[in-house]
Every structure is written in C-alpha cells, then in structure tokens.
Amino acid sequence: MFVPSITNPIGDFVRDIVPRLAEYLPASIQSDTLNSIVAFLVNALICVIAVCAVNIGSAPILIYMERKVCAHVQCRLGPMRLGWHGTIQTIADVLKMLFKEVYAPSGADKLMFYLAPLIVLIAPFIVCALIPFGRNLVVADVSMGIPLIIAVNGFGVLGILLGGWSSNNKYSLLGALRSGAQMISYEISFAMILLFVVMISGSTNLMSITMGQEGTILDWWIFKIPVLGFIAFILFFISSTAEMNRAPFDIAEAEQELTGGYHTEYNGTPFAMFYLAEYIALVTNSALAVTCFLGGFLPPCIGIAAVDNYLNMVPGVIWFFAKVYFMIWCYMMVRWTFVRPRVDQLMDFEWKFLLPVNLVLLVAGAAYIVVFN
Amino acid sequence: MFPNLNIPSIPLPDMPFAFPLGGMDIAFYAVAIVMLVTAVFTVAVKNILQSAVFLIFSFVATAILYMLLHAEFIALAQVMVYVGGVVIFVVFTILLTSHLGEDAFSTKIPRVFAAFALSASFVLVMVKCVLPTPELSSGVVNSAADYSSLEQFALRLLGYDHSGFIIPFEVVSILLLMTLICAITIARKSKEDVAKEKEVK
C-alpha cells in the first residue's frame with residue numbers, strides 16, 4: 001500500500017502520536033493503514049497551514065512596512081491614527097476590502113474575470129512551499145526545486161493577461177499586454193541567474209544549495225566566487241524586480257498612464273488577491289535571493305569561535321526572516337528611489353544589456369569552476 | 001475511553017478503498033478525470049481564449065500524471081514548455097483576432113463525420129496497442145531508481161559513449177541558434193529604415 005509521507009521531525013512526531021491516539025478508538029475500526037493515512041492527512045494539513053500562515057500573514061506586515069518606508073522616504077509620517085503608529089490601519093484596510101461587494105463590469109468574460117486572480121496566486125504559493133526556512137523546516141524538499149520555480153512562474157503572466165483581457169477595458173488590456181511582454185522577457189534572465197546558481201552549487205535542490213554555503217560569511221555564494229557572485233546577485237535583484245512588476249519596472253500598472261493597469265476593474269476580494277499575489281511574490285523572491293546568495297538560514301559567522309557560538313545559538317528561522325526582511329527593505333527602497341523607464345527602454349535594457357551580460361556571466365562562471373576546482 | 005460502546009465489528013477491509021494500490025490509484029483517477037473534463041471543455045467552449053485556458057489546465061493535469069509515474073523532469077518540461085507556449089499563444093490571440101469577446105466569433109468547424117471517424121480510429125488503435133500488453137498494472141519496474149533524475153538525464157544527454165545523445169543535442173542547439181539569428185535578422189531595422197528615420201528627424 002502506497003501512502004506518501006512527509007519527512008521531517010514534525011512529520012515524525014505526528015506519525016508517532018497518531019497510533020497512540022488511535023488506541024482510544026473502538027477496536028473494530030483500528031488499522032495500520034488508517035493510522036498512516038490519518039497521519040499523512042494531518043501532516044499535509046500542517047504543511048498547508050504553514051504555507052498559508054507565512055504567505056497571508058506576511059501580507060499585512062508588508063503593506064504596513066511599504067507605507068511606512070514610502071512615507072519616510074518622502075519625509076511624511078504615513079499611517080499614524082489607528083493604533084500605535086498606525087499599526088491597526090492595515091487590518092482595517094483588509095477588513096474593508098473583504099466586505100466590499102464583488103462585481104464584474106458589464107461585457108466582461110465572467111469566468112476568466114474571476115479565474116485570473118486565482119491563477120496569479122498559484123506561483124507564489126508553490127515557490128513558498130519549496131523554500132527551506134530552517135534546517136528541518138521545508139514543506140517540499142524536492143530534488144528539482146529550481147526547474148519547478150522556473151516552470152510555475154509562467155502562471156503569473158497568464159493570470160495577469162487573462163485579468164487584463166477579461167475586464168473589457170482598454171487600460172486593463174494595455175497594461176496586461178505590456179506586462180506580458182515584460183514578464184516573458186525578464187523571465188529569461190531570471191532563469192539564467194538561477195542557472196548560474198545551479199552551476200556553481202552543483203544542485204537544483206534548494207536545501208543543498210543552502211547547505212553548500214555552510215561556514216563563514218565568505219562562503220555564501222555572493223562572496224565565494226570573487227566578483228561574479230556579486231554581479232549575479234545584482235542581476236538577480238534587477239530581473240526579479242522586473243519579474244514581480246514592481247517599481248521602477250511597474251509599467252504594467254503605471255498609475256499615471258494606465259489608472260492601475262490590469263487590475264483597474266477589480267474590486268473587493270479579487271483585487272485583494274492580486275495585491276496578495278504581488279506581496280507574496282515579494283516574500284518568495286526575497287527568500288529565493290536569500291537562499292541562493294545570502295546563505296539561507298545559516299548565521300553570518302565571521303570565523304572567530306567566540307562570536308560564532310553566540311550567532312549559532314539563534315535559530316535558523318530568525319536568521320532567515322531577518323535576511324528576507326532586509327531584502328524586502330532593499331526592494332522597497334529601490335521602488336521609492338528610481339524613476340520608471342519607458343516601455344521601449346525597458347525592453348532594450350533586457351534584450352540588449354541584461355541577457356548578454358547573463359550569458360557572459362554563465363560562461364565566466366563555467367570558466368571559474370573549470371580553473372579553480 | 002468508550003466503555004459502554006459495543007459496536008458490532010464492521011467488516012472493514014485492511015485497505016480503505018478497493019483499489020489495488022490505494023492512494024496512487026485515487027490520485028490517478030482524480031487527475032485523469034480533471035484531464036478529460038478540461039480536454040473536452042477545450043474543444044467544446046466557443047471562446048478561443050477560454051479554450052486556451054482549459055488547454056493549459058489539461059496540460060498541467062498531464063504533468064501531474066507524469067509526476068505520479070516518477071518522471072519529474074518530463075512533468076516540469078511539460079509545464080515549462082506548454083504553459084509558456086500557451087501564454088504566448090494567448091498574447092497573439094488578443095493581438096491578432098478582432099471580435100474576440102463577441103458571440104459571433106466561433107471556433108466551430110462543421111466536420112462532424114471526419115471528427116467521428118478520426119476519434120473512432122484513434123480509439124481502435126489505442127485498444128489494439130494497449131489490450132495485448134499482458135498485466136500492465138502488475139508490471140515490474142526494470143529501470144534504476146534515479147533513472148529519471150535530472151543528473152542522470154543530463155549525463156545521458158551530454159554523454160559521449162554508446163548510450164549518450166551528444167550529437168543530436170548539438171544538432172538541435174545549432175538549429176535553435178539558427179532560428180534565433182533568423183528572428184533577429186527579421187526583427188532588426190534595415191539600414192534604409194534607419195536612414196529614413198534620420199531624414200524625418
């Protein structure tokens with residue numbers, strides 16, 4: 001009998017405790033098969049809840065953070081009225097959004113209109129399940145993590161295109177087509193950088209990519225390969241910003257030109273889902289950058305035993321989230337610092353600069369591996 | 001815990017469901033149903049964009065089927081190639097077809113007899129091929145456990161020895177390079193166009 005199992009300490013704990021609880025049941029319905037199925041279902045439920053908690057829980061925090069960072073960059077205060085320094089403001093906004101009436105514009109393709117926000121959410125949730133948050137904290141420790149990430153990223157473009165087209169609005173359609181062209185182009189260099197990481201670490205599994213950076217801070221992939229690692233990190237930063245449709249590459253929604261782009265016609269819960277997908281993508285892309293370049297959940301050891309002992313005492317999850325929030329802060333500062341390029345400038349930048357540099361980087365990385373290993 | 005409960009012993013089988021392999025079979029039938037339903041919708045829906053979306057879901061279900069058969073790389077390639085490909089198809093559909101959202105736009109082609117003949121002959125071929133295979137469900141796996149892993153796949157693809165595929169791989173890569181160069185040659189501006197633009201300025 002094949003019952004899939006989830007291997008980690010929490011899974012072992014559940015597998016251990018379910019048969020003991022099952023002893024209290026009447027003897028006629030006890031069986032090992034039932035126990036293993038129940039244990040598997042409980043484990044799966046724990047995994048789903050964990051992914052949802054990380055994703056949906058981080059969205060209000062990020063919205064609050066974005067508003068505060070934006071406000072302080074522009075010498076304002078941001079939300080201040082509700083709660084201490086406006087902390088309850090986001091919760092109020094979320095509640096307002098959820099209780100709004102949901103309706104589609106007349107002439108909209110209803111099926112596609114309501115399907116699009118769901119499709120947009122596929123990719124961030126799958127990527128989040130692959131990321132190792134700690135030594136034993138990973139939902140799906142699959143051997144082909146990076147190809148899976150590259151594969152599911154296509155769903156984001158599809159959702160945006162469908163949302164834009166089915167809204168029956170010119171602004172939406174223009175925004176959707178712009179973002180389709182942009183995301184398809186930048187996906188190439190995004191995949192190229194991930195390929196570079198796969199090449200230098202020799203694995204497509206995110207856990208072993210992280211464990212390959214064990215040691216001091218100089219063993220992280222960003223520093224381990226002298227200059228190339230840093231260049232790759234910067235290129236990853238640029239292409240992931242464009243892939244997420246975040247400013248300065250937000251020509252898909254460009255408020256001043258397109259009144260919101262592909263989600264102009266959305267309101268209430270579907271709009272909240274587009275928004276959620278955007279912020280989850282921010283978390284997952286930061287987590288990916290941290291895993292691939294900044295040592296994942298490993299502490300930033302400096303090689304002095306006295307300091308490293310204290311650093312190692314902090315759990316890996318805390319290091320992971322500290323690094324992720326640092327990356328998110330970097331994305332936000334970039335968003336409020338740079339100006340938006342024109343559409344043609346953006347495409348020129350990808351095809352005439354980013355992609356050639358990526359190809360050269362791949363060749364240089366291969367040369368480095370051949371020469372120094 | 002339940003001292004007074006005296007439930008008569010219900011004859012529950014050891015396996016909770018009457019399938020030979022349990023969870024795997026349930027997964028297979030669930031995926032197969034999704035695949036077939038979305039495939040039928042792909043053909044039956046009148047709007048070309050909706051049928052593209054159903055096609056994507058059908059492809060994704062196929063990928064899950066591959067995954068159940070432990071062919072992870074083929075599953076990922078399926079998602080990568082077809083989802084990306086259909087997305088580009090959607091872009092071109094939006095760009096090139098007018099009257100997309102109207103009811104008058106229909107993909108129905110009146111070829112009922114040919115369609116029936118084709119599907120009947122396909123079913124016949126499938127039955128002819130599949131039925132003679134003895135004990136398909138209880139067959140033994142005779143390849144190594146990591147046969148379909150990415151490492152084995154890559155090593156075989158780039159292998160020089162008898163089982164390697166280095167020459168077809170290189171031929172395909174040259175073909176892809178040719179198409180890339182052709183695309184750039186078609187898309188770039190010719191010198192006359194550039195000169196004209198300068199005159200206008």
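Just after H2 of chain A, the residue A:Cys75 takes a positive phi of about 60°. This value belongs to a predicted model, and it occurs in a residue other than glycine. A:Cys75 is placed in the loop that runs between H2 and helix H3, the latter covering residues 89-98 of chain A. Because 6 C-beta neighbours lie inside 10 Å of A:Cys75, the residue counts as exposed, the cut-off for that class being 12 or fewer.

A second residue with a positive phi is A:His85, where the angle is near 55° and the residue is likewise other than glycine. A:His85 is also found in the loop between H2 and H3 of chain A. With 14 C-beta neighbours inside 10 Å, however, A:His85 counts as partly exposed, since that class lies between the limit of 12 or fewer for exposed residues and that of 20 or more for buried ones.

A:Ala59 is itself among the buried residues of H2. The other buried positions in this helix include A:Ala39 and A:Asn43, as well as A:Val54, A:Asn55, A:Ser58, A:Leu62 and A:Tyr64.

Conventions:
Residues numbered from 1 in each chain as written. Chains lettered and ligands numbered in written order. Predicted model: local features only at pLDDT ≥ 70, side-chain atom pairs only at ≥ 80, totals over all residues. Helix = DSSP H or I, 4+ residues; strand = E, 2+ residues; numbered from the N terminus.
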